[in-house]
Amino acid sequence: MKILCVGAGFSGAVVAREMAEAGHDVHVVDQRAHVAGNCHTERDPETGVMVHVYGPHIFHTDNDEVWDYVNRFATFMPYTNRVKSVAKGRVYSLPINLHTINQFFDKTLSPDEARALIASLSDPTIGEPVSFEDQARKFVGPELYEAFFEGYTLKQWGRSPTELPASILKRLPVRFNYDDNYFHHQHQGMPKDGYTEIVAAILDHPKISVALETSYTPADNARYDHVFYSGPLDAYFDYAHGRLAYRTLDFERFTYDGDFQGNAVINYPDKDIPFTRITEHKHFAPWEEHEGSVLY
């Protein structure tokens, strides 16, 4: 069979590789000038820092098959994502954990005492939460919600938390111990030489051809037996019903001669700060040493 894969990110690359290993001829197209999609990484020529061009990606999974698969194509280094948050001029640990709770309320609570405190702060008038704000007030109470979630959510989504579904917050943990690992998966790591190397290796097969800076239209389907499409859904239908309400990010890049913040990710949830976070990319590769720094 002749297969077309639209998009040379992880999804398109894995599908292409699986189809090629099954004996099919696969052609991959991508409108960008590189593979790996939003996971694309590249070395900054001035500092040597490996930069996550479209925002940081940390690989984490509980699926052994997935972990073994990506390790076929690259060397993964241990990496734990430990996020900090600057709220009202003080630095806290995220996700909310026992350290965060004790620091925020200026206490030295045990896990059971912290559970009791958070339970006492929860809004008892909220039954089944419908909105993000309902979920937060029932989940952690008004003080922690206003400090860490309200302003960040307004900036991140461009909408009031009262207009967003409760499911967004349900995936964020609150821990009553001192575990500040942002993820809770068995396998966590960072590719030693960046994500683009992995995707390029996955696509490196004699039955796979790749065309970059190449646009796709559904009219191309006629030349193939099957098409796998990993692009925007509304674009596939030529925006026949308008654009879907995707939310994207604006990146402001700057460099620094030294160590700017000492951590890969620091959130800024205060409403009067005109951005959501600062990422310092050399800290995504703690096994490397760089004098200069690249930040977004």
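**Reading a predicted model, feature by feature**

Modeller: Phe284 is buried, with a relative accessible area of 1%. Do keep in mind, as we go, that this is a predicted model.

Biologist: Gladly. What makes a residue count as buried?

Modeller: The cut-off is a relative accessible area under 20%. Phe284, at 1%, is therefore buried. Tyr79 has a value of 7%, so Tyr79 is buried too.

Biologist: You mention those two together. How many aromatic pairs does the structure hold, and how do I read one?

Modeller: A pair of rings is described by how far apart the centres lie and by the angle of the planes. The structure holds 20 aromatic pairs. In one of them, Tyr79 and Phe284 have their ring centres 6.0 Å apart and their planes at 45°, which makes the pair tilted.

Biologist: Where in the chain do Tyr79 and Phe284 sit?

Modeller: In distant parts of it, 205 residues apart. Tyr79 belongs to the loop between strand 6 and strand 7 (83-87), while Phe284 belongs to the loop between strand 14 (277-279) and strand 15 (292-295).

Biologist: And what kind of pair do Tyr256 and Phe260 form?

Modeller: An edge-to-face pair, with 5.3 Å from centre to centre and 80° between the planes. Tyr256 is partly exposed at 37% relative accessible area, and Phe260 is partly exposed as well, at 36%.

Biologist: Which residues do ring pairs link into a cluster?

Modeller: Phe10, Phe59, Trp67, Phe76 and Tyr195.

Biologist: Let me turn to strands. How should I think about the two faces of a strand?

Modeller: In a regular strand, side chains alternate between the two faces of the sheet. Take strand 9 (residues 187-191) here: His187, Gly189 and Pro191 lie on one side, Gln188 and Met190 on the other, and all are buried, leaving both faces covered.

Biologist: Why is strand 9 described as largely enclosed?

Modeller: Because 5 of its 5 residues are buried, strand 9 is largely enclosed by the rest of the structure.

Biologist: How many bridges join strand 9 to strand 5, and how many join it to strand 6?

Modeller: Strand 5 (residues 59-61) runs antiparallel to strand 9 and is joined to it by 3 bridges; there, His60 has Gln188 as its bridge partner. Strand 6 (residues 76-78) is also antiparallel to strand 9, again with 3 bridges, and Met77 is partnered with Met190.

Biologist: What is the strand order in the open sheet of 4 strands?

Modeller: The order is 10-2-1-11, and the pairing is parallel. Strand 10 (208-212) and strand 11 (226-229) are the edges, each pairing on one side only. On average, neighbouring strands of this sheet are turned by 15° against each other, ignoring direction. Zooming in, strand 1 (residues 2-6) pairs with strand 11 over 4 bridges, and His226 is the bridge partner of Ile3.

Biologist: Last one: how do I read a pair of packed helices?

Modeller: Two numbers describe such a pair: the angle between the axes and the distance between the axes. For helix 5 (residues 132-139) and helix 6 (residues 141-157), the angle is about 145° and the axes lie 8 Å apart. Their crossing is right-handed.

Biologist: Which residues make that contact?

Modeller: Helix 5 brings Phe132, Glu133, Ala136, Arg137 and Phe139; helix 6 brings Gly141, Pro142, Tyr145, Glu146, Phe149, Glu150 and Thr153. Sorted by class, the contact has 6 nonpolar, 2 polar and 4 charged residues.

Methods:
Residues are numbered from 1 along each chain as its sequence is written. This is a predicted model: local features need pLDDT of at least 70, side-chain atom pairs count only at pLDDT 80 or more; totals for chains, interfaces and linings use all residues. Side-chain values use heavy atoms; hydrogens and water are left out. Two strands pair if DSSP finds at least two bridges between them. Helices (H or I, at least four residues) and strands (E, at least two) are DSSP runs, numbered from the N terminus. Axes are lines fitted to C-alpha atoms, for helices over the stretch in contact, and angles run from 0 to 180 degrees between N-to-C directions. Buried means under 20% relative accessible area, exposed over 50%, partly exposed in between (1.4 Å probe, protein chains only). A crossing is left-handed if the near helix is turned anticlockwise from the far one by less than a right angle, and right-handed if clockwise. Contact means heavy atoms within 4.5 Å. Ala, Val, Leu, Ile, Met, Phe, Trp, Tyr, Cys and Pro count as nonpolar, Asp, Glu, Lys and Arg as charged, and the others, Gly among them, as polar. Rings of Phe, Tyr and Trp (its six-membered ring) pair if their centres lie within 6.5 Å; planes under 30 degrees apart count as stacked, over 60 as edge-to-face and the rest as tilted.
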